[in-house]
Amino acid sequence: MAEIAKTHRGTVAKTVAYAPASGDLRALIAAKREGYLWRSDLTPDRLVAVRRQLAMAEAALMPPPFEGIKTWLAKLATLVSNAPVPSGEICAVFAEVCADIPDGAWTPETRIAWTRQADRNGYPVGSRWPAPGELYAHLRPFAEQIRAEVAGLREILAMAEKPREPGRKRPDRAELARAGALADAVIRELRATSVETERRR
């Protein structure tokens, strides 16, 4: 556990606060996913916004610093009824179980979302301290949302940056003459075949 703590303490925290894509960007991601996004939809302003959001979302996918997890749990402890004192050992267990939950999922919003859960079979889940596996299950959808957003934004940029196919060149007189000669030869061959067929009848 001490090794886990050291690993997470050495991780650098994100510098830009992450917020999920909304409005126009969210609509662009949905359109790309459904196959209704065209290259002509990607205006320069939209591409600037896509790159900015992607930079934030990619930073949010980084592993969280151990101190960030510890702070998140300490604040959760003030909101529930049976929390232990979030010591380094306890936080290291949560860090181990939630090792693939990225930095962007450890937010005030996800903490409040825990407390607002409905009772399950009469048990007040949201007002109690979670087991590590319960917290992982709670944070995972938020993590998946960030991963899906990054994938969608990368696909949009790939579409924008894909080299355009060269336009079809208008045929010159020589090409038109060759095509005309070929068409004449085919017509003559068809007529000859038709005449031969009539003779055999």
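**Close-up views of a predicted model**

**View 1. Contact between helices H6 and H7.** Thr110, Ala113 and Trp114 in H6 meet Glu134, His138, Leu139 and Phe142 in H7, where contact means heavy atoms within 4.5 Å and helices are DSSP runs (H or I, at least four residues) numbered from the N terminus. The residues of this contact divide into four nonpolar, two polar and one charged, with Ala, Val, Leu, Ile, Met, Phe, Trp, Tyr, Cys and Pro counted as nonpolar, Asp, Glu, Lys and Arg as charged, and the others, Gly among them, as polar. This is a predicted model, in which local features need pLDDT of at least 70, side-chain atom pairs count only at pLDDT 80 or more, and totals for chains, interfaces and linings use all residues. Residues are numbered from 1 along each chain as its sequence is written, and side-chain values use heavy atoms, with hydrogens and water left out.

**View 2. Packing geometry of H6 and H7.** Helix H6 (residues 108–115) packs against helix H7 (residues 132–161) at an angle of about 125°, with the axes 11 Å apart; axes are lines fitted to C-alpha atoms, for helices over the stretch in contact, and angles run from 0 to 180 degrees between N-to-C directions. H6 and H7 are therefore oblique to each other, since angles under 35 degrees count as roughly parallel, over 145 as roughly antiparallel, 65 to 115 as roughly perpendicular and the rest as oblique.

View 3. Ala95 lies in helix H5 (residues 88–97) and is buried at 0% relative accessibility, buried being under 20% relative accessible area (1.4 Å probe, protein chains only). Between Ala95 and Phe66, 29 residues apart in sequence, the C-alpha to C-alpha distance is 7.2 Å.

How values were computed: Helices (H or I, at least four residues) and strands (E, at least two) are DSSP runs, numbered from the N terminus. Buried means under 20% relative accessible area, exposed over 50%, partly exposed in between (1.4 Å probe, protein chains only).
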